[in-house]
Amino acid sequence: VLETSAADYPKYSFDVSDNDFDKLDSGNLDATLKIKFRGSGNKKLSVTINEDEISIDTDKLDYEKVITRHIKNGANTVKIIPRIEDLDISKLEIFLE
């Protein structure tokens, strides 16, 4: 079991404009979470997006998930909660496409 206090979890913030949110809300735009990992083996983590938690369990180096329903207008927060000892993320991006 990985023991870490909540203060140790990386947290990122980003803003979604009124215009982009209207496009997300109407289905004309999707928000996609993209994560690139380093190293081999299984990667286990939780990603919290504005209080909504997504569990990830993959052995791939690249992960993508549409997260449109988790996005809100204005300020948004993403928190990474590792579920293994040696989780190594090289890049985390959220695209509106």
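## Core, a buried lysine and salt bridges

The largest nonpolar core in this predicted model has 19 residues, and Ile35, Leu45 and Val47 have the most contacts inside it. A nonpolar core here is a set of buried Ala, Val, Leu, Ile, Met, Phe, Trp, Tyr and Cys residues joined through side-chain atoms within 4.5 Å. Buried means under 20% relative accessible area, exposed means over 50%, and partly exposed lies in between, with a 1.4 Å probe and protein chains only. The model is predicted, so to speak of local features pLDDT of at least 70 is needed, side-chain atom pairs count only at pLDDT 80 or more, and totals for chains, interfaces and linings use all residues. Residues are numbered from 1 along each chain as its sequence is written, and side-chain values use heavy atoms, with hydrogens and water left out.

- S2 provides the largest share of the core, four residues.
- Isoleucine 35 is in contact (heavy atoms within 4.5 Å) with Leu45, Val47, Ile56, Leu61, Asp62, Tyr63, Ile89, Lys91 and Leu92, leaving aside neighbours within four places in sequence.
- As general background, nonpolar side chains tend to be buried together in soluble globular proteins.

**Lysine 43, a buried charge**

- Lysine 43 lies in strand S3.
- Lysine 43 is buried and yet has no salt bridge, and the nearest side chain of opposite charge, aspartate 59, is 6.8 Å away. For charge, Lys and Arg count as positive and Asp and Glu as negative, while His and the chain ends are not counted.
- Not counting residues up to four places away in sequence, lysine 43 touches Phe37, Arg38, Ile56, Asp57, Thr58, Asp59, Lys60, Leu61, Ile84 and Leu87.

- The whole structure holds five salt bridges, each defined as a side-chain nitrogen of Lys or Arg within 4 Å of a carboxyl oxygen of Asp or Glu.
- Glutamate 64 forms one of them with lysine 34, where the closest N and O atoms are 4.0 Å apart. Glutamate 64 lies in strand S5 and lysine 34 in strand S2, so this pair ties together parts that are 30 residues apart in sequence.
- Glutamate 64 is exposed, at a relative accessible area of 55%, whereas lysine 34 is partly exposed at 21%.
- Aspartate 62 forms a salt bridge with lysine 36, the closest N and O atoms being 3.0 Å apart. Here too distant parts of the chain are linked, with aspartate 62 in strand S5 and lysine 36 in strand S2, 26 residues apart.
- Both partners are partly exposed: aspartate 62 has a relative accessible area of 48% and lysine 36 one of 38%.

**More on aspartate 62**

- Strand S5, the place of aspartate 62, covers residues 62-66.
- Leaving aside neighbours within four places in sequence, aspartate 62 is in contact with Ile35 and Lys36.
- The C-alpha atoms of aspartate 62 and serine 40 are separated by 12 Å, with the two residues 22 apart along the chain.

- Glutamate 53 forms a salt bridge with arginine 83, with 3.7 Å between the closest N and O atoms. The pair links distant parts of the chain, 30 residues apart: glutamate 53 is in strand S4, and arginine 83 is in the loop between S6 and strand S7 (89-96).
- Glutamate 53 counts as partly exposed at 48% relative accessibility, and arginine 83 counts as partly exposed at 44%.

- Glutamate 93 is placed in strand S7 and counts as partly exposed at 27% relative accessibility.
- Which residues does glutamate 93 touch, not counting residues up to four places away in sequence? They are Thr32, Leu33 and Lys34.
- The C-alpha atoms of glutamate 93 and leucine 33 are separated by 6.0 Å, although the residues are 60 apart along the chain.

Definitions and conventions:
Helix = DSSP H or I, 4+ residues; strand = E, 2+ residues; numbered from the N terminus.
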